[in-house]
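Open the model in a viewer and keep the selection panel at hand.

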Amino acid sequence: MAKVCVVGAGISGVACARVLREAGFDVDLRDRSRAPGGRMSSPRMTWSSLGDRRIDTGAGYFTVRDDEFRTVVDDWLTRGLAREWTDTFHLLPAADGSPGLGDPKPGPMRYAAPGGLRSLVIDLAEDLPFSDATGVELVDANASTPRVDGEQFDAVVLAMPDPQALKVLGDGLEEERAAMTEQAWEPILALQAVFPSRSWPAFDAGFVQDDDVLEIVFDEGRRRGDDAPVLVADSTSAWAASRLDDPDAAADPLAEALDRILGCGRPSESKVSRWTYSRPATPRDEDFLFTPRRIGFCGDGWGTSKVETAWRSGTLLGRRIVREMA
Ligand SMILES: Cc1cc2nc3c(=O)[nH]c(=O)nc-3n(C[C@H](O)[C@H](O)[C@H](O)COP(=O)(O)OP(=O)(O)OC[C@H]3O[C@@H](n4cnc5c(N)ncnc54)[C@H](O)[C@@H]3O)c2cc1C
């Protein structure tokens, strides 16, 4: 049976690897990190007031439109791994520009995970052969069959943002390389802020209006369901772009912006996560790319950047490989 190396154990790579494995392929799933999850990241952080607590530092929630993804999510709900969080975000700040809540904005149901979003990817990756801390350096498209760091495979999947895929892609595939180089990816700096107590109006999350610094704010305690006094605030991409070299220096200005918008005061502790490639600047029409040289590309860069899109992209690429190679 064909041997496929899937590089990248975010939700797209894991979804792809599952399809291949279920079709009986010999799958080798690799990631440079110690655990699957990618941008669905929920590291355990140590805080003096809270002790150890996982915080979602990347994706803040997910939504569901696709029927097949709904089946996956229903299974997570049944087993208590995911939960319905909220269908109402707010606008921030208040309508007159003063700190606080603006109008509520009803929308689709947003789902969260009591164990952090990463736990969902770890669940999907269960039983898959996973090599952690295995950073791939070179995918060679020129040989008769693709090679990953010199090792031969029947097909290779790069399940990651385009700039990360381009970094490991050797010569060949010049047309695809040019198309991927054109796609810009935007950065985000995410503030995790712990407060002595909950000192802000009740809300789940807020879209920040017309602000240079902040784009969205989450009440992490309500998202997780334990009511811990923790907020997570994502910067705008333009603001992050010039501050990627020193993310720690962004903590104070991000906390200041949060107070200005919400009136929450200053946090007692905070940290900043840097996402250099948080999302593609523009969506693509294609769901994935599978080249005649049997190198595939999937992830949230294929479609509209979302958890659901990434799952779908990996799943569809997996099926395409099965159709061509089984
Ligand atoms: C701050 C932030 C907020 C977001 N908010 C939301 C949200 O609220 N809702 C939503 O639906 N989506 C959100 N997203 C987007 C969502 O996180 C992504 O769409 C999804 O997680 C992408 O999954 P992926 O598998 O395509 O890529 P990734 O999760 O990025 O996975 C790529 C994997 O490849 C690995 N990798 C890269 N290079 C190598 C290499 N050379 N060798 C080995 N491994 C490598 C990485 O370590 C990573 O694990 C957010 C993202 C960010 C950053």
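**Two domains**

Start with the whole chain: the centres of domain 1 and domain 2, taken over C-alpha atoms, are 28 Å apart. This is a predicted model, in which local features need pLDDT of at least 70, side-chain atom pairs count only at pLDDT 80 or more, and totals for chains, interfaces and linings use all residues. Residues are numbered from 1 along each chain as its sequence is written.

Colour 1-41 + 117-183 + 284-326 as domain 1 and 61-116 + 184-281 as domain 2; the bounds come from an automatic or database domain assignment.

**The contact**

Select the residues in contact (C-beta atoms, placed from the backbone, within 7 Å): domain 1 gives 19 residues and domain 2 gives 18 residues. On the side of domain 1 that touches domain 2, α3 (118-124), α4 (162-168) and α9 (307-325) each supply two or more residues. Helices (H or I, at least four residues) and strands (E, at least two) are DSSP runs, numbered from the N terminus.

**Strand β18**

Next select residues 295-298, strand β18. Ile295 and Phe297 on one side, and Gly296 and Cys298 on the other, are all buried (20 or more other C-beta atoms within 10 Å of the residue's own, C-beta atoms being placed from the backbone).

β11 (residues 155-159) runs parallel to β18, with 4 bridges, and Leu158 stands opposite Phe297. β17 (residues 289-290) pairs with β18 in the antiparallel sense over 2 bridges, and Leu289 stands opposite Phe297.

Finish at the hairpin of β17 and β18, with 4 residues between the strands, where Arg294 has a positive phi near 65°.

Definitions and conventions
Contact = placed C-beta atoms within 7 Å. Buried ≥ 20, exposed ≤ 12 C-beta atoms within 10 Å, placed from the backbone. Pairing = 2+ DSSP bridges.
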